[in-house]
Amino acid sequence: MRRIEVLIIGAGPAGSVCGSLLIKNGVECAIVDHATFPRDKVCGGGLTVKAWRLLDMLLPGIKYDYRPIYRMRCQFENDPVCEFRSEFEIRMTRRDEFDNTLVEYYKQLGGELIKGSFARFEQEADGRILVTLKSGEQFSCRYLVAADGANSLIRRQMHGAPKLHALFLEQYNEGETDDDVFVHFSNNYKPGVFYKFSSKGRDMYGFASLESNEDFPRHAETFHKTLSKFGIPLGHTRGAFIPLNTVKSTVPNVILIGDAGGFANKLTGEGLYDAFKTAANAQRAIVEGKPFEETNSEEFTKMEHQVNVFKFFFSPFGWRLIRFCMRYPKVIKWLFDAKMKRETFRVK
């Protein structure tokens with residue numbers, strides 16, 4: 001059995017950023033992941049201004065390839081398209097390349113990446129956490145950080161299966177290089193949206209809905225019909241369920257970050273910003289010896305607020321109000337840019 005200060009399960013954005021920050025603060029840590037990087041995953045790969053600004057602050061000097069997108073388009077049913085140019089760029093990345101860049105940044109700092117799969121954990125008498133991998137290898141750690149994504153086994157051991165999640169379906173059309181973000185709303189898939197992101201060398205089409213596993217075939221059919229409606233050739237469809245109910249750890253010194261803790265925007269599904277933010281807050285909790293509930297309190301509060309925003313947006317009144325506002329692109333642009341300017345964060 002190996003003793004270590006911090007063990008992180010999952011080398012995605014939340015885990016690799018947390019590991020890099022811990023190393024920068026002189027904390028011994030290791031990351032365990034079953035995947036071989038670079039690896040791809042279901043995700044639009046877009047970094048909003050708050051996401052890339054925060055990442056630049058947390059990991060100074062990090063370089064990653066992306067395509068800047070400013071043109072925004074949105075539409076309700078067959079209404080005229082609301083189009084405007086964002087004041088700030090959205091950085092469109094390929095998740096296989098982007099995630100690998102974060103992992104390499106961590107490794108260049110001297111971080112250890114262990115190939116393996118998590119099996120279970122238990123609390124020892126002295127308060128440390130005993131982690132067992134599927135290989136039988138064991139680690140005794142002072143902190144266990146769950147960054148193992150939407151299907152987190154650590155979360156399941158404490159809370160069972162997620163009670164609320166969003167279904168995301170995606171299709172990539174290689175070689176197509178439009179220059180916009182397009183979002184379409186319809187009563188045919190309310191609450192949910194159809195969207196397109198112009199990325200690096202390809203366009204990504206997606207569909208998001210608040211549904212359960214049993215509804216997958218029905219929504220896959222809706223997604224394909226919507227693609228046909230917009231004249232998009234059908235290709236290979238991939239899907240993923242992202243937990244939306246945010247949970248807190250029930251075990252001292254076990255910290256849930258990123259998708260493992262349900263930290264994704266309840267309305268848009270954006271997860272990269274909250275992955276970076278919860279990673280930074282986990283590092284603060286460990287370095288400063290504070291409870292994660294304290295260092296991450298703003299995130300917990302924000303997640304609760306977003307549930308109410310989601311309910312309002314898809315309520316009959318909210319639905320009509322947003323549809324009415326989209327008749328006026330200048331108003332939507334002002335709201336969009338003002339929201340981006342209003343985003344603030346502290347890094348300690």
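Helices (H or I, at least four residues) and strands (E, at least two) are taken here as DSSP runs, numbered from the N terminus. The structure is a predicted model, in which local features need pLDDT of at least 70 and side-chain atom pairs count only at pLDDT 80 or more, while totals for chains, interfaces and linings use all residues. Residues are numbered from 1 along each chain as its sequence is written, and side-chain values use heavy atoms, with hydrogens and water left out.

Asp 337 and Lys 333 both belong to helix α10 (residues 329–342), where they sit four residues apart, about one turn of the helix. The two form a salt bridge (a side-chain nitrogen of Lys or Arg within 4 Å of a carboxyl oxygen of Asp or Glu), and their closest N and O atoms are 2.8 Å apart. Burial is judged by relative accessible area: buried means under 20%, exposed over 50%, and partly exposed in between (1.4 Å probe, protein chains only). With 6%, Asp 337 is buried, whereas Lys 333, with 30%, is partly exposed.

In total, the structure holds 25 salt bridges. One of them joins Arg 2 to Glu 112, with 2.6 Å between the closest N and O atoms. Arg 2 lies in strand β1 (residues 2–9) and Glu 112 in strand β6 (residues 112–115), so this pair ties together parts that are 110 residues apart in sequence. Both ends are partly exposed, Arg 2 at 29% relative accessibility and Glu 112 at 30%.

Another salt bridge links Asp 180 with Arg 73, the closest N and O atoms being 2.9 Å apart. Because Asp 180 lies in strand β11 and Arg 73 in strand β4 (residues 67–76), the pair ties together parts that are 107 residues apart in sequence. Asp 180 counts as buried, at 1% relative accessibility. Asp 180 and Arg 73 also belong to a network of salt bridges that includes Arg 71, Glu 83, Asp 178, Asp 179 and Lys 196.

Strand β11 (residues 180–185) also holds His 184, which counts as buried at 1% relative accessibility. A polar atom of the His 184 side chain lies 2.7 Å from the backbone oxygen of Glu 77. Neighbours within four places in sequence aside, His 184 is in contact (heavy atoms within 4.5 Å) with Gln 75, Phe 76, Glu 77, Tyr 189, Val 193, Phe 194, Lys 229 and Phe 230.

Conventions:
A polar contact is a pair of N or O atoms within 3.5 Å; within protein, one must be able to donate a hydrogen and the other to accept it, and residues adjacent in sequence count only if both atoms are side-chain atoms.
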